[in-house]
Amino acid sequence: QITTVSGNEFLLQSDIDFLILDWFHAIKNAIDRLPKEQRITSRNLEYKLRRSSSIELLNSLDTESKEPKPEHRKSLIFRLNYSASDTNDRNRVKSRLKKFISRRPSLKTLQDKGLIKDQIFGSHLHLVCEHEKSTVPQFVRLCIKAVERRGLDVDGIYRVSGNLATIQKLRFVVNQEEKLNLDDSQWEDIHVVTGALKMFFRELPEPLFPYCFFEQFVEAIKIQDNATRIKSIRSLVKKLPRPNYDTMKILFEHLKKIAAKESVNLMSTQSLGIVFGPTLLRPEKETGNMAVHMLYQNQIVELMLSEYSKIFGSEED
């Protein structure tokens, strides 16, 4: 985080050392190009860059005036002299960044101390379920209930995007707090809720349809005979891990209710297939034609919505 003299704040973040160094040189060069009368002459001016929980200070003018480091500060604090050569600058930064990174506490240590909580977004589905002692993430259930309470009749539900900044705010709240009230006024835009739910599935390290099943589902949707195609899809769905199966079942049951209101919300099974196809299933490595894969992804979701009772119903159904 860089705070300028005028009070403006900018956040630059990366885990790549050389990229951080490139940013530093770009900022330095921009300052060097300023007319002399516009440069800051205060000896005490420092630009603070925040990375994770540590603070690195860049002294922009004079390395001779060094303030004593607080005894309790254990994070790495270094100063870069603007007058140093680029080569020495690069070597010194690289060396100190390596030391800084090697001394950072592990994620497990921070979690054990309660400084970092288990994340919901970006975590594997089975880990979220294990943590919550369930087979369907609580966040998914809460979103579905909220949408079914106040979003079934909304035009373009799931297709229309919510405000990204508010969605990110909701994402942060979910990751930091155990209790979530989606009826709070700050989440009154139902498109924010649907956007966050789509983001949750999109950020799963492994999609709801596991990578190892992707090609099998694609081959199944290619089957010409409709009854055989449905039977094949049903067979694959039954083989899914329990958290994947239960989450998929409750999600598709919900989307089926959305499609049932198509005359009002204008969201058909085909529209929902287009929205959720690439989000719920994708290949681990994109080697073929992306357009063809996307077509199959959409068709799989569309078929599972149209034939929900046959695919998720009991053997007797």
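Modeller: Start with helix 6: what covers its buried residues includes helix 5 (138-150) and helix 7. This is a predicted model, in which local features need pLDDT of at least 70 and side-chain atom pairs count only at pLDDT 80 or more, while totals for chains, interfaces and linings use all residues. Residues are numbered from 1 along each chain as its sequence is written, and side-chain values use heavy atoms, with hydrogens and water left out.

Some terms first. Helices (H or I, at least four residues) and strands (E, at least two) are DSSP runs, numbered from the N terminus. The chain has 14 helices and four strands. Buried means under 20% relative accessible area, exposed means over 50%, and partly exposed lies in between (1.4 Å probe, protein chains only). By that rule, 40% of the chain's 317 residues are buried. A contact means heavy atoms within 4.5 Å. Of the contacts between residues at least 6 apart in sequence, 64% join residues at least 24 apart.

Back to helix 6. Its buried residues are I167, L170, V173, V174 and N175. The 13 residues of helix 6 reach 18 Å from first C-alpha to last, close to the 18 Å expected at 1.5 Å a residue. The expected span is 1.5 Å times one less than the number of residues.

Now its partner. Helix 6 (residues 164-176) packs on helix 7 (residues 190-202) at about 60°, with the axes 9 Å apart. That angle makes helix 6 oblique to helix 7. Axes are lines fitted to C-alpha atoms, for helices over the stretch in contact, and angles run from 0 to 180 degrees between N-to-C directions. Under 35 degrees counts as roughly parallel, over 145 as roughly antiparallel, 65 to 115 as roughly perpendicular, and the rest as oblique. The crossing of helix 6 and helix 7 is right-handed. Right-handed means that the near helix is turned clockwise from the far one by less than a right angle, and left-handed means anticlockwise.

Which residues of helix 6 and helix 7 meet? From helix 6 come L164, T166, I167, Q168, L170 and R171, and from helix 7 come H191, V192, G195, A196 and M199. By class, this contact of helix 6 with helix 7 has six nonpolar, four polar and one charged residues. Here Ala, Val, Leu, Ile, Met, Phe, Trp, Tyr, Cys and Pro count as nonpolar, Asp, Glu, Lys and Arg as charged, and the others, Gly among them, as polar.

Helix 10 and helix 12 pack at about 150°, with their axes 10 Å apart. So helix 10 is roughly antiparallel to helix 12. Their crossing is right-handed. L251, F252, L255, I258 and A259 of helix 10 touch T269, L272, F276 and L280 of helix 12. That contact of helix 10 with helix 12 has eight nonpolar, one polar and no charged residues.

Helix 12 also packs on helix 13, at about 125° and with the axes 7 Å apart. Helix 12 and helix 13 are therefore oblique to each other. Their crossing is right-handed. In helix 12, T269, Q270, L272, G273, I274, F276, G277 and P278 meet M294, Q297, N298, V301, E302, L305 and S306 in helix 13. Those residues divide into seven nonpolar, seven polar and one charged.

Look at L272, which sits in helix 12. L272 is buried, with a relative accessible area of 0%. Leaving aside neighbours within four places in sequence, its contacts are Y158, L255, I258, A259, M267, G277, V301 and L305. L272 and E302 are 30 residues apart along the chain, yet their C-alpha atoms are separated by 7.1 Å.

Helix 13 buries H293, Y296, Q297, N298, I300, V301, L303, M304 and L305. Their cover includes helix 8 (211-221), helix 9 (226-238), helix 10 (242-260), helix 12 (269-280) and helix 14 (308-312). L295 lies in helix 13 too, but at 45% relative accessibility L295 counts as partly exposed.

Finish at a loop. K133 lies between helix 4 (125-132) and helix 5. K133 is not a glycine, yet its phi is positive, about 55°. At 76% relative accessibility, K133 counts as exposed.
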